[in-house]
Amino acid sequence: MRSSETLSLRWADVDWANSRVRVRSPKTEHIEGKESRMIPLFPELRPFLQEAWEQAAPKAEFVVMSYRSIKQNLGTQFKRIIERAGLEPWPKLFQNLRSTRETELMESFPAHVVCAWIGNSEAVARKHYLQVTDDHFAKASGQAVKPVQNTVQQSAETTRIEPQPAKSAHEKTPGFPGFSASCDLVHECIVPLRGFEPRLTD
């Protein structure tokens with residue numbers, strides 16, 4: 001998601017039952033048919049989104065409540081969080097996150113499907129988003145690709161509990177369906193020592 005799309009996300013946009021999320025797009029809302037798009041509620045994201053829902057104030061409208069003032073910059077705070085985690089911020093924070101995710105998804109889904117989810121065209125994806133990764137080199141040269149299990153995914157696997165019904169003060173959804181029994185969309189990657197994101201210039 002673009003930073004503006006993150007701030008535009010409302011709890012009413014989350015379809016828990018069908019595992020889909022409506023992404024409103026301020027950047028393309030002036031184009032007919034491009035006001036919003038639907039994306040999957042990926043299993044990697046769901047535990048965090050559910051936790052945020054459970055902690056949200058009654059009748060909260062937006063998923064992200066902080067940094068909504070025009071005087072605040074979401075990217076600036078994002079950079080501070082990265083630095084506090086002991087990592088080096090990468091250029092174009094949100095674009096490179098989108099680039100990484102689009103590259104991952106292209107390994108498992110058709111290009112037109114991935115572009116519909118990311119919200120760009122195949123031409124733009126090829127020119128500005130898709131990356132050549134260490135995994136590609138390893139697979140091409142016949143080397144074993146060492147799986148890197150995301151610690152967050154491990155935590156979600158080991159601490160998964162039965163879903164609880166929504167609090168009565170929250171009336172946007174009747175409750176939460178159970179987590180998927182299996183996470184089909186788990187990607188393996190080699191994380192470079194300099195941080196999580198590649199240094200793209202486009």
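Colleague: Which residue in S3 stands opposite Arg 20?
Modeller: This is a predicted model, in which local features need pLDDT of at least 70 and side-chain atom pairs count only at pLDDT 80 or more, while totals for chains, interfaces and linings use all residues. Residues are numbered from 1 along each chain as its sequence is written, and side-chain values use heavy atoms, with hydrogens and water left out. Helices (H or I, at least four residues) and strands (E, at least two) are DSSP runs, numbered from the N terminus. In strand S3, the residue opposite Arg 20 is Pro 40.

Colleague: In what order do the three strands form the open sheet?
Modeller: Two strands pair if DSSP finds at least two bridges between them. Two bridges join S1 (residues 14-15) to S2, and five join S2 to S3 (residues 36-40). S1 and S3 are the edge strands, each pairing on one side only. With antiparallel pairing, the order is S1-S2-S3.

Colleague: Which residue in S2 does Val 14 stand opposite?
Modeller: S1 and S2 run antiparallel. Their hairpin has four residues between the strands, and Ser 19 takes a positive phi near 55°. The residue in S2 opposite Val 14 is Val 21.

Colleague: Within what arc do the buried residues of H2 fall?
Modeller: In helix H2 (residues 46-55), the buried residues (under 20% relative accessible area; over 50% is exposed, in between partly exposed; 1.4 Å probe, protein chains only) are Arg 46, Leu 49, Gln 50 and Trp 53. Seen down the axis of H2, they line one face of the helix, because the arc (of the directions from the helix axis to the C-beta atoms) is 100°.

Colleague: Which residues make up the covered face of S2?
Modeller: S2 (residues 20-24) also has an uncovered face, formed by Arg 20, Arg 22 and Arg 24. Val 23 stands opposite Arg 37 in S3. The covered face of S2 consists of Val 21 and Val 23.

Colleague: At roughly what angle do the axes of H4 and H6 cross?
Modeller: Axes are lines fitted to C-alpha atoms, for helices over the stretch in contact, and angles run from 0 to 180 degrees between N-to-C directions. Contact (heavy atoms within 4.5 Å) is made by residues including Arg 98 and Glu 102 of H4 and His 128 and Tyr 129 of H6. The axes of H4 (residues 93-106) and H6 (residues 122-129) come within 10 Å, and the crossing angle is roughly 110°.
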